[in-house]
Amino acid sequence: MTGSESEEPQVRRAVCPGSFDPITNGHLDIIARASKLYDVVHVAVMINKSKQGLFTVEERIELIRRATAEYGNVEVEAFHGLLVDFCKQRDIPAIVKGLRAVSDFDYELQMAQMNNGLSGVETLFVPTNPTYSFLSSSLVKEVAAWGGDVSHLVPDFVFEALTERLGEK
Ligand code: PNS
């Protein structure tokens, strides 16, 4: 056996970070595409204690797990802290982010450059499917709260959870 044959193949990992409050079809499109490019895609639900979410972090994780179960190589967990530390602890060299429009670019570029400067982690931008270029969790929540139909913008069980949660308020 030669040296190269005995070496363990490197597992290629990437992270899709976000608040996911809740996950939308736009998020899913990016995660699905990342899951075809990498061996393992980590979905990191980043905890922001200063932001009160509609769903708890545990509920968000459960919805993402259900939505991504069919991909087979997606791991979902919460993290409190810097994204670069999440990456360092799991040996993840790449962050995958969707870019919806030019308006996303300035802030995303700033974060990508900061993260790269902090730890060398790379950010790869994937152009969002045009079907979802207007989509965000915030807009979905706002439209749903006023009775607008968002059933085509999120998975069925997310729509049910959203309807139930907004009905409680
Ligand atoms: O879904 P969001 O809220 O647009 O996602 C933003 C998120 C969570 C990816 C970003 O705020 C983040 O990476 N937060 C983790 C804390 C951190 O690393 N901050 C420094 C960014 S340069």
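Me: Which residues make the nonpolar surface patch of about 310 Å²?
Reply: Leu-82, Met-114 and Leu-118 make that patch. Patch residues have over 30% relative accessible area and no salt bridge, and nonpolar side chains (Val, Leu, Ile, Met, Phe, Trp, Tyr) are joined within 5 Å, like charges within 9 Å. A salt bridge is a side-chain nitrogen of Lys or Arg within 4 Å of a carboxyl oxygen of Asp or Glu. Areas come from the Shrake-Rupley method with a 1.4 Å probe; for residues, only the protein chains shown count as cover.

Me: Is this predicted or what?
Reply: This is a predicted model, where local features need pLDDT of at least 70 and side-chain atom pairs 80 or more, while totals for chains, interfaces and linings use all residues. Residues are numbered from 1 along each chain as its sequence is written, and side-chain values use heavy atoms, leaving out hydrogens and water.

Me: Where does Leu-82 lie?
Reply: In the loop between strand 3 (74-79) and helix 4 (83-90). Helices (H or I, at least four residues) and strands (E, at least two) are DSSP runs, numbered from the N terminus.

Me: New topic: in what order do the 5 strands of the open sheet come?
Reply: The order is 3-2-1-4-5, with parallel pairing; two strands pair if DSSP finds at least two bridges between them. Strand 3 and strand 5 (122-127) are the edge strands.

Me: How many bridges join strand 4 to strand 5?
Reply: 6 bridges, with strand 4 covering residues 94-99. Ala-94 stands opposite Glu-122 there.

Me: And which residue is the bridge partner of Val-41 in strand 3?
Reply: Val-74.
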